[in-house]
Amino acid sequence: MTTARQIVEVASRTGQTVTTAESCTGGKVAAAITDIAGSSAVFERGFVTYSNRAKTEMLGVSPATLEAHGAVSEEVVREMAVGARASAGADVAVAISGIAGPGGSEFKPEGRVCYGLATAKGVTAQTIDHGALGRAEVRAAATDHALHLLLSGLD
């Protein structure tokens, strides 16, 4: 069973809803969930906030946080997850921001992805360096990890 199917089944069974706030994955997490029949019972909307402007306008991410830490940071994904959860009225929100490539820098290399998870219990964040796998592979790895994180956030 796919992780997306597990999300839909667990959320349906427990009466919870989920949402996504995506940057480098460009909607792939939301697409994986909505590929599952019955997902409309647990997923109403997601957010693709590729630009900093979109992050502030749609999710309420503070411009000061973006300036101080950059879009690819645990501080920003925390704010993205909280904003998405509030805006969607969802029980669980996952947020993703990273460097899919090509490129990156010494401080934020290709393959670095930050993840945020917001639930009624609070918000957590983590950073994973997936490595310079190439753009498609980094996005696939980030999508997979975000789905597992979202599943872990369901009660």
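Trainee: Let's start with α5: which residues are buried there?

Mentor: In this predicted model, the buried residues of α5 are V76, V77, M80, A81, G83, A84 and A88. The label "buried" is given under 20% relative accessible area.

Trainee: What pattern should I expect along a helix like that?

Mentor: With 3.6 residues a turn in an α-helix, residues three or four places apart point the same way.

Trainee: How do you know that the length of α5 agrees with what a helix should span?

Mentor: Helix α5 covers residues 74-88, which is 15 residues. The expected span is 1.5 Å times one less than the number of residues, and for α5 that comes to 21 Å. The end C-alpha atoms of α5 are 21 Å apart, so the span agrees. Just after α5, G89 takes a positive phi of about 65°.

Trainee: What makes the span of α1 agree with expectation?

Mentor: Much the same reasoning. Helix α1 has 12 residues, 3-14, and should span 16 Å at 1.5 Å a residue. Its end C-alpha atoms lie 16 Å apart, so the two agree. Just after α1, a positive phi turns up at G15, about 70°.

Trainee: Which residues of α1 are buried, and what covers them?

Mentor: T3, A4, I7, V8, V10 and A11 are the buried ones. Their cover includes β1 (18-22), α2 (28-34) and α6 (135-153).

Trainee: How do you know whether A146 is buried or exposed?

Mentor: A146 has a relative accessible area of 0%. The cut-off for buried is under 20%, so A146 is buried. It lies in helix α6. Beyond its neighbours within four places in sequence, A146 is in contact with V29, V94, I96 and Y115.

Trainee: What do the buried residues of α6 pack against?

Mentor: They pack against α1, β1, α2, β3 (92-98), β4 (112-119) and β5 (122-129). Among those buried residues are V138, A142, T143, L147 and L150, along with A146. Helix α6 has 19 residues and reaches 27 Å from first C-alpha to last, close to the 27 Å expected.

Trainee: How is the bond from G101 to P102 assigned, cis or trans?

Mentor: Omega is near 0°, and the peptide bond is cis. P102 is found in the loop between β3 and β4.

Trainee: Now the whole chain. How many helices and strands are there, and how do they run?

Mentor: There are six helices and five strands. From the N terminus, they run α-β-α-β-α-α-α-β-β-β-α.

Trainee: Why is the protein chain called as compact as a globular protein of that length?

Mentor: For 155 residues the globule rule gives 15 Å. The radius of gyration is 14 Å, close to that value, so the chain is as compact as a globular protein of that length. The C-alpha atoms fill a box of roughly 45 × 30 × 20 Å along the principal axes, and buried residues make up 48% of the chain.

Trainee: What share of the contacts comes from residues 24 or more positions apart?

Mentor: They account for 62% of the contacts with a separation of 6 or more.

Terms used. Residues are numbered from 1 along each chain as its sequence is written. This is a predicted model: local features need pLDDT of at least 70, side-chain atom pairs count only at pLDDT 80 or more; totals for chains, interfaces and linings use all residues. Side-chain values use heavy atoms; hydrogens and water are left out. Helices (H or I, at least four residues) and strands (E, at least two) are DSSP runs, numbered from the N terminus. The radius of gyration is taken over C-alpha atoms; the globule rule is 2.2 Å times the number of residues to the power 0.38. Buried means under 20% relative accessible area, exposed over 50%, partly exposed in between (1.4 Å probe, protein chains only). Contact means heavy atoms within 4.5 Å.
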